[in-house]
Amino acid sequence: MGSEDVAPKVARHMFGGSSPARNVADSQPFKEQEDDTLLCCPDMELPQNMKDDLDALPGTSRRCKLYSLLCLSCFLIAGIAVGVILLESITKKTAKGMLAKERQKWLDEGAIGLPPGFCEEHAMPVPDVTDPDWAKRAVQEMTEEEKYRLIHGVGFAGFKLLRGYYVGSVLGVPRLGIPCIKMQDGSAGFRTSDEDIVGTVTSWPSPLAVAATWDSKLVETWAAAMGKEFRIKGANMILAPAVNLHRTPFGGRNAEYLSGEDPVLGSILVKAFVKGMQKDAGVAAAVKHFALNDQESRRTSVNSVVSERVRWEKFYVPFQSAIDAGVAAVMCSYNLVDGKQACSNRDLLQRDLRDRMGYRNFVVSDWWAIRDDEAAKAGTNINMPGDDQRYSKTKLGSTLPDHRLDDMVEQVLRGMGSSGAWSDLPGDDCRVGCNCEEALYSKKATSPEHLELARNIAAQGAVLLKNEHSSGKPVLPLSLDQKVAVIGEACVLKVDVTDQEEVWTAGSYYGIGGTSRVLSPDDISILDGMRRYTENLVRSPTDLTGFARKAMQGSDVAVVCAGTTATESVDRRTLRLDQDALVGEVVRLGVELKVPVVVIALAPGAVVMPWSAEATGILMMFPSGQMTGLAAADLLFGARMPAGKLPLTIPQEESDALRPCAERNCPYQEQLFSGWLLYTSRDVAFPFGYGLSYTTFEYKPTKLLGPTEVGSVHVTIKNVGQKPGREIVQLYMRYPSSVPDIQEEPATQLRRFHRTRELQPGEAEDVVLKLSARDMSIWDKTVSDWMTVYGSFKVGVGASSRDLRLCSTFVHQKDVSEAEVSLEPCRWSDVLSS
Ligand code: BGC
């Protein structure tokens, strides 16, 4: 049977034909009505004062006068509307004209910073960047003007990015073989910072969607593929990865963050990202936003006040990992830390980042994040986007101590050189402001292979939260002979690229708004995705429950879509989905009509699901890019197996969640209990690390080797269900009670995880989770360093933070060699109570 569309049919029924009122009117003798009623509403008598006013006007019949007046009003309204439209278009044209003039002025004045003859300058080959001294030598050969060139951006006129420039453009020194630095956001692909870029690049799944795969290998592949697109577009640096933790689920940028709610998740994935981006693709990465930039409300003035232990054990962890992986750059953030702007904060950038984390490359400011004259001294190497001229010789020269400028430039060169971005790799090697337009706007970087990869990642990152039985089998996957009602506007969403371009913060259910936005003209909706599998669909593409009911009657199953959006610069006001009410109605209808209902939630972070108890199935997708619809359909029809797990918590109530700080001062009072640990003593709808598949796994105890300096946990995972699937095995740890201030330490903390290969029914994989000394350490604030803890550790291995299947205790002792400890079946509560 072909697909049906419920809404238009119902609409025709509602608005077509004649209304009873009209019939009554038609049956009245015309003459009687003539002057004292409105013809359109014949049973409405004109009030006496109106009749008197009409009589006072020249003319013969009241009716004629009445309609003349109505016509006049119509003309007036139409006139006003046309006026408004004209005015809007004139204003837009004038604004465009002014902008063009402004641009021209900047160009004429040379204010974009291109030194005379820069475009024509002959380029020498890139020096041997593997030589450890090359950066120092290159600095010695530079003129002062050349050194200043390398510490600020060019290409912005006011807030406007000029044509031919990347979001971040730093001029190189061609005569010394030093290329330009060409930076582009961002998190989910090559940012479509100009409408001409739209369609030439892939709109990839967001980092949060990728984090939900818990798959380092996939992260590396994703980063390498994005990096390849950057090179084709002529860029050699990506303004990513963003690894801030979800301190609050309301965070506007949570979908950009690869860490989700957990520092260990972020630290393992960011390593793979840096490898894929730098080593595999040859694009420098900038880990951001350092540091404690965990909300969008008051983002440029909020002051994060966080204890030393919390910083090191939580918020710095993914940054440290990126540094250990050799990340080229760190981006300092907008907020203040301990009362001082992050980019001018010596404690943050010198003491913590360089002295304690061992960072040796460069710090780039967030855009316009430098507000005073101290940033260069404090440790920020590059001022972005640079149009404020804060890092010009005139402004900076007198304040810089001896050698600081040289150090700043050397660190920039070292970061870029060591990242592989200046190695001889294929890609467009244009010079900014001179000849990058073709690469930036015309070259096609997306490809069918990349779209296929994007589809696969989107599917792997989807999290199946519920899959109840209906007619004796789980509701998902659907079978092709089932008639499926597809309900809700969110199932058919098409993003209007032109509309979105007008507002930089506009997000969609496929990607978040702000500077990381990658618009695509080819987004595939969930309905379109499903239609690739079957036409046996009844469509109800509105959010009206009347139509939903009609569509569900006679269908075997219903799929209802709901979503919500988020953006940089504002936090989310609510954790509810935009169509929360519709979903509630549809799941209730499902119970009434005995039609199982599968909810697809498209969300840029945590949401509340007050209807979850009545839904038969729930599939959650974080912003998943242009292939969202196909990936969803692959999972719905079982062509791919769901395997994602939550990188965050789905709270029971919105009031359980931590809100962003409302005041300028923002003390992190939850201390080490941030992210998913905030819910430690509360019930949640779905816990951190949770996710189902179409099969089931058995955890078989093997052994836990310890106590050693570096222990390892061995476990065998067997697919004991009927379908293929992957499991994400998670290892949580509880510290011994001998730890100083143990009451401050959360009861369970994620330490390691592993995603198995796809296991066929009956197949098993032996998993080894290796622990490092750092996994058994805490930050000792008395000496400001890591301290290895010895004593009795609890270890739990399982399928989520609240579903530990195997546990053990082992005593961690100094200098004791390997011993065998067995894992025993256990429950989460055992770990907590012991
Ligand atoms: C964002 C950064 C981004 C930069 C450049 C800022 O608004 O906070 O994440 O990289 O703009 O677009």
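**Notebook: cavities and ligand site**

I sorted the lining of the second largest cavity by residue class and got seven nonpolar, four polar and one charged. My classes take Ala, Val, Leu, Ile, Met, Phe, Trp, Tyr, Cys and Pro as nonpolar, Asp, Glu, Lys and Arg as charged, and the others, Gly among them, as polar.

The model is predicted: local features need pLDDT of at least 70 and side-chain atom pairs pLDDT 80 or more, while totals for chains, interfaces and linings use all residues. Residues are numbered from 1 along each chain as its sequence is written, and side-chain values use heavy atoms, without hydrogens and water.

I noted a volume of about 70 Å³ for the second largest cavity. Its lining includes Trp 676, Phe 688, Arg 802 and Trp 828. A cavity here is a set of points, on a 1 Å grid over the protein atoms alone, where a 1.4 Å probe fits but cannot get out; lining residues have an atom within 4 Å of a point. Points are joined across faces, edges and corners, and a volume is the space filled by probe spheres set on them.

I counted five cavities of 30 Å³ or more. Of its 21 lining residues, Ser 203, Tyr 510, Gly 511, Ile 512 and Val 518 are closest to its centre.

I then looked up the ligand, which 14 residues surround (a heavy atom within 4 Å). For polar contacts (N or O pairs within 3.5 Å), I found ligand oxygen atoms 2.9 Å from a side-chain N or O atom of Lys 288, 2.8 Å from one of His 289 and 2.6 Å from a polar side-chain atom of Glu 568.

Definitions and conventions:
A polar contact is a pair of N or O atoms within 3.5 Å; within protein, one must be able to donate a hydrogen and the other to accept it, and residues adjacent in sequence count only if both atoms are side-chain atoms. On a 1 Å grid over the protein atoms alone, a cavity is a set of points where a 1.4 Å probe fits but cannot get out, and a pocket is an open set with protein on both sides within 12 Å along at least five of seven lines; lining residues have an atom within 4 Å of a point.
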